Amino acid sequence: MIYGIGTDILQIDRVTGVMERTRGRFAEKVLGPQEMAVYHARRARVPARGLAFLATRFAAKEAFSKAIGLGMHWPMTWRAVQVLNGPSGKPVVRCSGELEAWVQARGLTFHVTLTDERDYAVAFVVAEQGAGTATRTTGGKSIVPGGSHTSDSSTSSDPGQA
């Protein structure tokens, strides 16, 4: 059963402006530890790809917060949810801390899709309740279709908001 749907579109130039104003702290406020590692690697290769990564993850977190119906209210925080890539490249949601417990208590699973172009980043999230075919976060592990598991050592749940 569909629990909620969220979408977000973001002009990448806005992210560039915020990064300049905050001297890069915006990325630290929004991205979780594994996301930060990917961001730094992409930015080192091609700065524009780093910004696109940051923009898609910000959009995904906005869409996720809408899909779960909380907006940016506790236990939903920027760093308590990470959008990473599974082995196939498919984006997967990983929750930590109190948000992970909140999600598990409701039996939620997630489908997420991301895209970016030169000017825009877009994310779409569907939250399902009682479905076993989407990404499910369980005990710090992401369970993806086909039974593959990826460990998540993140326990960050920074209450800060951008």
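Visitor: Is Arg-49 buried or exposed, or partly exposed?
Guide: In this predicted model, Arg-49 counts as partly exposed, at 38% relative accessibility.

Visitor: Which residue does Arg-49 form a salt bridge with?
Guide: The partner is Asp-116, and the closest N and O atoms of the two are 2.9 Å apart.

Visitor: Where do Arg-49 and Asp-116 lie?
Guide: Arg-49 belongs to helix 4, whereas Asp-116 belongs to strand 4, residues 108–116. The pair therefore ties together parts that are 67 residues apart in sequence.

Visitor: And what is the relative accessible area of Asp-116?
Guide: For Asp-116 the value is 22%, so this residue is partly exposed.

Visitor: Staying with Asp-116, which residue is its bridge partner in strand 5?
Guide: That is Ala-121.

Visitor: In what sense do strand 4 and strand 5 pair, and over how many bridges?
Guide: The pairing is antiparallel and extends over 9 bridges, with strand 5 covering residues 120–129.

Visitor: How many residues are between them in the hairpin?
Guide: There are 3 residues between strand 4 and strand 5 in the hairpin.

Visitor: Back to charges. How many salt bridges are found in the whole structure?
Guide: The search finds 3 salt bridges. One of them joins the side chains of Lys-66 and Asp-8, at 3.2 Å from N to O.

Visitor: Which elements hold Lys-66 and Asp-8?
Guide: Lys-66 is in helix 4, which spans residues 47–67, and Asp-8 is in strand 1, residues 2–11. This pair links distant parts of the chain, 58 residues apart.

Visitor: Which is Asp-8, buried or exposed?
Guide: Asp-8 counts as buried, at 14% relative accessibility.

Visitor: Now Glu-35. Which side chain does it meet in a salt bridge?
Guide: Glu-35 meets Lys-61, with an N to O distance of 2.7 Å. Here too the pair links distant parts of the chain: Glu-35 sits in helix 3, residues 33–45, and Lys-61 in helix 4, 26 residues apart.

Visitor: What about Lys-61, buried or exposed?
Guide: Lys-61 is buried, with a relative accessible area of 0%.

How values were computed:
Residues are numbered from 1 along each chain as its sequence is written. This is a predicted model: local features need pLDDT of at least 70, side-chain atom pairs count only at pLDDT 80 or more; totals for chains, interfaces and linings use all residues. Side-chain values use heavy atoms; hydrogens and water are left out. A salt bridge is a side-chain nitrogen of Lys or Arg within 4 Å of a carboxyl oxygen of Asp or Glu. Helices (H or I, at least four residues) and strands (E, at least two) are DSSP runs, numbered from the N terminus. Buried means under 20% relative accessible area, exposed over 50%, partly exposed in between (1.4 Å probe, protein chains only). Two strands pair if DSSP finds at least two bridges between them.
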